[in-house]
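The structure comes first, and the description follows.

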Amino acid sequence: MRREAPDLSFMYRWFKNCNLVCNLSDKYVFIMGCDSGFGNLLAMQLVDRSMRVLAACFNEEGAQKLQQDTSYQLQTTLLDVTKTESIKAAAQWVRDQVGEQGLWAPVNNAGVGLSSGPNEWLTREDSVKVINMNVVGLIEVTLHMLPMVKKARGKVVNMSSSGGRVAIIGGGYCVSKFGVEAFSDSIRRELHYFGVKVSVIEPGNYRTSILGKKDLEGVDKSMCKLWEWLPQETRESYGEEYFHIYTDKLKNTMQLAEPRISEITNSMEHAIVSRNPRIRYSPGLDVKLLYLPLAKFPTPVTDFILRRYLPRPTDSV
């Protein structure tokens, strides 16, 4: 009987996943957006690995709660990634903590998702707010941390999204995530010669505070506010039915969001502790079955599929 060859690809993936960095307890990781969600859970996971966690929170309440929930190995600071002075202060604080050892990994996790909706319904300020936090702030924080990361020959972990591979909704969110992808690609090539590795996390639809208010009533209020601010001509061109269907589909998307965010933090953790981190992590079944295929299809095919999701406006041709 013919013997089957061993699955060498499986053995290779197993080796890469198990090939962890040595002396994790000596390494510093700086995580942004630790008030809740991915950043908060990742901070606790890395403390469980005995790593030295430097956690940045947006407000004092979040910082105090995280400190209470963890051990002395975690230290907190406040950071607003939209303000240069706050970023400079946080960078100096990190520099004081890590000393000559350097920073093993900054994890750029801070971000917002709203306001989102049809682009014509949004203002310049709506998009600028999201872009400033999700990509401009990420770039500025990374640039301040790079000298410390190069010293440690460490990692950079950037939070992107499946919305950084295919634009699934209007507003600044997908625009900002495409920017995160481009920035990550460019610094990955530049930092290769310094021994620094860059990983991007591209999750699908998960239930965190980035969606804004968690209750569906909050979504209704947000969409109603957008609708009421529109000029009469714009409202008439879309129609009331478009507004109601679009709002219902947005609420349905939030209801279907996956609550098990540990799938994402496990990917982030692997990027930090593995000797061979992946360039891209895509946690979530929706990413693998829907968003990544959509990103690779010919553009007309992707457009055809995504148009099926949108309601038809009153003035459609």
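## Helices α2 and α10

α2 passes α10 in a right-handed crossing, meaning that the near helix is turned clockwise from the far one by less than a right angle. The axes of α2 (residues 37-48) and α10 (residues 262-273) come within 9 Å and cross at roughly 55 degrees. The two helices are therefore oblique to each other; angles under 35 degrees count as roughly parallel, over 145 as roughly antiparallel, 65 to 115 as roughly perpendicular and the rest as oblique. Axes are lines fitted to C-alpha atoms, for helices over the stretch in contact, with angles from 0 to 180 degrees between N-to-C directions.

From α2, Phe-38, Leu-41, Leu-42, Gln-45 and Leu-46 meet α10 residues including Ile-264, Met-268 and Ile-272 (contact: heavy atoms within 4.5 Å). This contact divides into seven nonpolar, four polar and one charged residue.

## Basis of the model

The model is predicted, so local features need pLDDT of at least 70 and side-chain atom pairs count only at pLDDT 80 or more, while totals for chains, interfaces and linings use all residues. Residues are numbered from 1 along each chain as its sequence is written, and side-chain values use heavy atoms, with hydrogens and water left out. Helices are DSSP runs (H or I, at least four residues) numbered from the N terminus.

## Helix α5 and its neighbours

The axes of α5 (residues 124-152) and α6 (residues 172-191) come within 8 Å and cross at roughly 15 degrees. That makes α5 roughly parallel to α6. Their crossing is right-handed. By class, this contact has 12 nonpolar, six polar and two charged residues.

α4 (residues 84-98) and α5 have axes that come within 10 Å and cross at roughly 25 degrees. α4 and α5 are therefore roughly parallel to each other. Among the residues in contact are Ile-87, Ala-91 and Val-94 of α4, and Val-141, Met-145 and Met-148 of α5.

## Cavity

There is one cavity of 30 Å³ or more, a cavity being a set of points on a 1 Å grid over the protein atoms alone where a 1.4 Å probe fits but cannot get out. About 40 Å³ of space lies in the largest cavity, its volume being the space filled by probe spheres set on the points.

Residues lining the largest cavity include Met-32, Val-81, Asn-108, Met-133 and Leu-138; lining residues have an atom within 4 Å of a point. α5 gives the most to this lining, with four residues. The lining has six nonpolar, three polar and no charged residues.

Definitions and conventions:
Ala, Val, Leu, Ile, Met, Phe, Trp, Tyr, Cys and Pro count as nonpolar, Asp, Glu, Lys and Arg as charged, and the others, Gly among them, as polar. On a 1 Å grid over the protein atoms alone, a cavity is a set of points where a 1.4 Å probe fits but cannot get out, and a pocket is an open set with protein on both sides within 12 Å along at least five of seven lines; lining residues have an atom within 4 Å of a point.
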